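Trainee: I would like to learn how to read a structure like this one, feature by feature. Where do we begin?

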Amino acid sequence: MSMLMWVMAAQAQSLVVDIDEQKASSIGLDAASLEAEMEEAANGQFRLPSQEEFLSQMAAANSLSTKGMGVDYASNPQRFVVGASFGPSVNGAGASFGRGDGTLPTGGYSLQLSAMAALNLGAFSPDESALRRFVLSANGLVLSGKEGVFDADMSNFGAHLQIKLIRPPHKGAVEWGGIDLTSGIELSSYRLELSQSIPVPTDSMTWDATGKMSVTASSTSVPIELSTNLRLFVATIYLGGALDWRMNSTASTDLSLGGPLTAEYEGQSEELGSVSAQLNSTGAAGQYAPRLFAGTQVNILFFKVYGHLNVGLDKSFGGHIGARFAM
């Protein structure tokens, strides 16, 4: 019996491929080649050698995922705003809104949905009141769903204060919205929990991997944003720049999988041995992340439909769409 063990102590990681050499030889297969094949397949499917990089990407994507969901950059509300939005974010996967087709996302990935409400602190004050410059908002939601072979749990909470540094000179069909300074605190989490067994195939055999696997990303961050907007009749465009202070943006993997290794030949199945994998690893996003954002909004009286795009200078990319009622 031959055994291959690969251990990376820094990540508390091991992959053990245990193949019965006699059984493999009896069906014309080489045990050493089979071990190498399975090692490559398992490492690729679960991203074992690149876990630290992968988790750093997950942490960055999760931190970006709620940026802009709790703030209205386009409506210049004088009383209140309520609404909801949803969308994904990625890190290290290019300008894509998708997670890829693999068991784990190609790069960092997070999906969030959030409801928000905002109040202009001068809603019941005269138009010239200084309180009209301040809008206080809050957003949040907790949601569960499915993502491939995983159960997915997501949650978010945010609170923001938006200050109109420069108020628009007048109102009309074409209206510049002035310049806004926005900051606050945002918390988000995204968790994937394995809900079924996973086949790990090679050209010669399949490992039926069962057990536990979870990937958890959590973030606490403070955005500091400057933005402006321009309304042209029923459409508004806005853009801005931001520096996100990630007070705590981390991700972790906890994996413990095992199961039989089976070869298919001449229409029959032969169990050749077993495979087991263990992994406990963590990663973190950079503490400061510059970001650009832009969006467009369609205004139908008090009803608004909008799309928002975030582009981080740390290879993060994401956005969301939503609807709001603003006065």
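Mentor: With contacts. Contact means heavy atoms within 4.5 Å. Keep in mind that this is a predicted model.

Trainee: Then take H160. Which residues is H160 in contact with, leaving aside its neighbours within four places in sequence?

Mentor: The list is G70, V71, V135, L136, S137, N139, T182, S183, G184, I185, E186 and P223, with neighbours within four places in sequence left out. H160 itself sits in strand β6.

Trainee: Is H160 buried or exposed?

Mentor: Buried means under 20% relative accessible area. H160 is at 3%, so it counts as buried.

Trainee: Which side chain does the side chain of H160 meet in a polar contact?

Mentor: That of E186, at 2.7 Å.

Trainee: V135 was on the H160 list. Where is V135 placed?

Mentor: In strand β5, residues 134–147. Its relative accessibility is 10%, so V135 is buried too.

Trainee: What does V135 touch, beyond residues up to four places away in sequence?

Mentor: P77, A118, L119, N120, H160, L161 and Q162. Look at N120 in particular. V135 and N120 are 15 residues apart along the chain, yet their C-alpha atoms are separated by 4.3 Å.

Trainee: Next, D180. Which strand holds D180?

Mentor: Strand β7, which spans residues 174–194. D180 has a relative accessibility of 1%, so it counts as buried.

Trainee: What partner does the D180 side chain have in a polar contact?

Mentor: The side chain of K164, at 3.0 Å. The contacts of D180 also include N76, Q162, I163, E225, L226, S227 and N229, again without residues up to four places away in sequence.

Trainee: How many residues apart in sequence are D180 and N76?

Mentor: They are 104 residues apart, and 9.5 Å apart in space from C-alpha to C-alpha.

Trainee: How should I read backbone phi?

Mentor: Most residues other than glycine have a negative phi. N76 is not a glycine, yet its phi is positive, about 50 degrees. N76 is placed in the loop between α3 (51–64) and β3 (80–91). With a relative accessible area of 18%, N76 is buried.

Trainee: Where is F233, and what is its phi?

Mentor: F233 is in the loop between β9 and β10 (235–265). Its phi is near 60 degrees, a positive value in a residue other than glycine. Exposed means over 50%. F233 is at 56%, so it counts as exposed.

Trainee: How does the lining of the largest pocket divide by residue type?

Mentor: Into 11 nonpolar, nine polar and 11 charged residues. By element, β6 (150–166), β7 and β9 (205–232) each supply at least two lining residues. The largest share, three residues, comes from β6.

Trainee: And cores? How many residues has the largest nonpolar core?

Mentor: A nonpolar core joins buried residues of nonpolar kinds through side-chain atoms within 4.5 Å. The largest has 46 residues. Those with the most contacts inside it are I19, M38, F46, W207, M213, V215 and L261. Another core, of seven residues, lies apart from it, and includes V71, Y73, F293 and Y306.

Trainee: What is V215 in contact with, leaving aside neighbours within four places in sequence?

Mentor: F54, L55, M58, L104, Y190, R191, L192, S252 and T253.

Trainee: One more strand residue, N299. Where is N299 found?

Mentor: In strand β12, residues 288–300. N299 has a relative accessible area of 9%, so it is buried. Its side chain joins that of Q297 in a polar contact of 2.8 Å. Beyond residues up to four places away in sequence, N299 touches R231, V234, A235, T236 and K304.

Trainee: Last, G98. What does G98 touch, not counting residues up to four places away in sequence?

Mentor: V90 and Y109. G98 is placed in the loop between β3 and β4 (108–120). Its relative accessibility is 34%, so G98 counts as partly exposed.

Technical notes:
Residues are numbered from 1 along each chain as its sequence is written. This is a predicted model: local features need pLDDT of at least 70, side-chain atom pairs count only at pLDDT 80 or more; totals for chains, interfaces and linings use all residues. Side-chain values use heavy atoms; hydrogens and water are left out. Helices (H or I, at least four residues) and strands (E, at least two) are DSSP runs, numbered from the N terminus. Buried means under 20% relative accessible area, exposed over 50%, partly exposed in between (1.4 Å probe, protein chains only). A polar contact is a pair of N or O atoms within 3.5 Å; within protein, one must be able to donate a hydrogen and the other to accept it, and residues adjacent in sequence count only if both atoms are side-chain atoms. Ala, Val, Leu, Ile, Met, Phe, Trp, Tyr, Cys and Pro count as nonpolar, Asp, Glu, Lys and Arg as charged, and the others, Gly among them, as polar.
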